[in-house]
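Here are my notes on this one, as promised. Have a look at the model first, then go through the points below.

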Amino acid sequence: AGWDKKGPSLYMVDDQGERYKGQRFSVGSGSPFAYGVLDSGFKHDLTLEEAVELGRRAIYHATHRDGASGGVVRVYHVHEKGWTKVIAGEDVN
């Protein structure tokens, strides 16, 4: 995620080094659980609070349902001046 003269952008780099531009991504073994949350809750006009909550829920479901996905939620807000840590490390257990 980043911000340049054109505005915000989000990219995903796969294990082959291919870069993809998109609006939302989830990778790893827990990604099907996260995508279920993201696909049902994403809309273009989310407030910052709504976006943070959607991200938190997506990560929560990925880590809670998939033992290999960790167990901690961290959410960062990427903005024009850099990034801000919003959720530092919330345990999903």
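1. A residue counts as buried when its relative accessible area is under 20%. Ser26 comes out at 15%, so it is buried. You'll find Ser26 in the loop between β4 (19-21) and α1 (31-41). Beyond its neighbours within four places in sequence, Ser26 is in contact with Ser31, Ala34, Tyr35 and Leu38.

2. Keep in mind that this is a predicted model. The average pLDDT is 90, and 100% of the residues score at least 70. By element, β4 has the highest mean pLDDT (94) and strand β1 (residues 2-4) the lowest (87).

3. How many salt bridges are there? The count is three. One of them pairs Asp39 with Arg24 at 3.5 Å, N to O. That pair links distant parts of the chain, with Asp39 in helix α1 and Arg24 in the loop between β4 and α1, 15 residues apart. Both ends are partly exposed: Asp39 at 49% relative accessible area, Arg24 at 28%.

4. Shared partners join Glu53, Arg56 and Glu90 into one network.

5. Last, the surface: Tyr76, Val78 and Trp83 form a nonpolar patch with about 320 Å² of accessible area together. Tyr76 belongs to strand β5 (residues 72-79) and is partly exposed at 39%.

Conventions: Residues numbered from 1 in each chain as written. Predicted model: local features only at pLDDT ≥ 70, side-chain atom pairs only at ≥ 80, totals over all residues. Heavy atoms only, no water. Helix = DSSP H or I, 4+ residues; strand = E, 2+ residues; numbered from the N terminus. Buried < 20%, exposed > 50% of the residue type's maximum accessible area, 1.4 Å probe, protein only. Contact = heavy atoms within 4.5 Å. Patch = residues over 30% accessible without salt bridge, like charges linked within 9 Å, V, L, I, M, F, W, Y side chains within 5 Å. Areas by Shrake-Rupley, 256 points an atom, 1.4 Å probe, with all protein chains shown as cover. Salt bridge = Lys/Arg side-chain N within 4 Å of Asp/Glu carboxyl O. pLDDT = per-residue confidence, 0-100.
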